[in-house]
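Please look over this model with me.

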Amino acid sequence: MKYALCFPGQGAQEVGMGKTLYEAFPSAKAVFDEADDALSQHLTKLIFEGPDETLKLTANTQPAIMTTSVAALRALENELDVKLSPACGAGHSLGEYTALVASGVLAFRDAVDLVNKRGRWMQESAPEGVGAMAAVMGLEPEDIVAVCREVAPNEECQAANFNSPGQVVISGVAAYVDRAVAAAKAKGARKAVMLNVSAPFHSRLMMPAAEKLKAQFETYAWSDPRWPIVANVSARPVSTAADIKAALYAQTSSPVLWSDSVAFMADDGVDTFLELGPGEVLCGLIKRCRKGLKQMAAGDPEALEAMATALREGA
């Protein structure tokens, strides 16, 4: 078995996620406790009890999902005694930062602080109502890119997430996103819907956040990864700390090439994708990206036990 470790991004959150991990595994509990201490807030209480409206705030969502994902990872490594040796790691948007923690690039304490700031700065980059995002289904990716160029020649709206062959998310100034949705439907899109998000992520409107992140990167200690990370911005592996920082900077205002990333990993021989954290969003996308690949998602003790067994049997 040649496998990749994958980590979900924003949108996978739900109140109560990770609570069973916290209760079952001391190393998972330690991760939640460390997040509370690093952020000087009761993030764990918010994750377990809500309210949902507060958990959905971007500055909370990003560290919450990372914390839950790393808790699952640590339980797999420690209590379930799995020595991880993936071919590579990857994550969707925020999840790319979690992949860096897994591969030893950043200490969890630094990373959870970084994504808390990332969430806040992304939200501040575009005041509420200025930006929007929409999912377009049933058009070829290049057709969606052409639609955006047609209605927004100065990149007021652009493709933000190439999630799977039939799903592309667009992002940018709200009025231009509206125009792009109408144009996509006119060109035969099966479905085009506005998303309930708080900011136009992965668009040029995120440049102020990108610049702040670039400066913030220099306040942490970075290491080269133990295994390659397939970067969102290029769908190719990065294997040095310098290249990783450059990729993260670009990722903030550039599209997530998830479909291409899955294709690259599969072409490189990866046959199994292991998703650690809340939900099964990435497993669903991977199924649509390439037939014949195996996927497993684990965000609770039972699923982690099954993943540990599969890893031992496939080793």
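How many helices and strands are there in the protein?

1. The model is predicted. The protein has 14 helices and 10 strands.

2. Overall dimensions come next. The radius of gyration is 19 Å, which agrees with the value near 20 Å that a compact globule of 315 residues would have. Along the principal axes, the C-alpha atoms fill a box of roughly 55 × 45 × 35 Å.

3. Now burial and surface. Of the 315 residues, 57% are buried, meaning under 20% relative accessible area. The protein exposes about 12,700 Å². Carbon and sulfur atoms supply 50% of that area.

4. The largest pocket deserves a look. Its space is about 720 Å³. The lining counts 28 residues. Nearest the centre of the pocket lie Gln 10, Gly 11, Leu 195, Val 197 and Phe 201.

5. Which elements supply at least two residues each to that lining? The helices are H5 (58-77), H7 (108-125) and H13 (281-289). The strands are E3 (131-137), E4 (157-164) and E5 (167-173). H13 gives the largest share, 3 residues.

6. How does the lining of the largest pocket divide into nonpolar, polar and charged residues? There are 12 nonpolar and 14 polar residues, with 2 charged. Gly 11, one of the residues nearest the centre, is counted as polar under the scheme used here.

Technical notes: Residues are numbered from 1 along each chain as its sequence is written. This is a predicted model: local features need pLDDT of at least 70, side-chain atom pairs count only at pLDDT 80 or more; totals for chains, interfaces and linings use all residues. Side-chain values use heavy atoms; hydrogens and water are left out. On a 1 Å grid over the protein atoms alone, a cavity is a set of points where a 1.4 Å probe fits but cannot get out, and a pocket is an open set with protein on both sides within 12 Å along at least five of seven lines; lining residues have an atom within 4 Å of a point. Grid points are joined across faces, edges and corners, and a volume is the space filled by probe spheres set on the points. Helices (H or I, at least four residues) and strands (E, at least two) are DSSP runs, numbered from the N terminus. The radius of gyration is taken over C-alpha atoms; the globule rule is 2.2 Å times the number of residues to the power 0.38. Buried means under 20% relative accessible area, exposed over 50%, partly exposed in between (1.4 Å probe, protein chains only). Accessible areas come from the Shrake-Rupley method with a 1.4 Å probe; for residues, only the protein chains shown count as cover.
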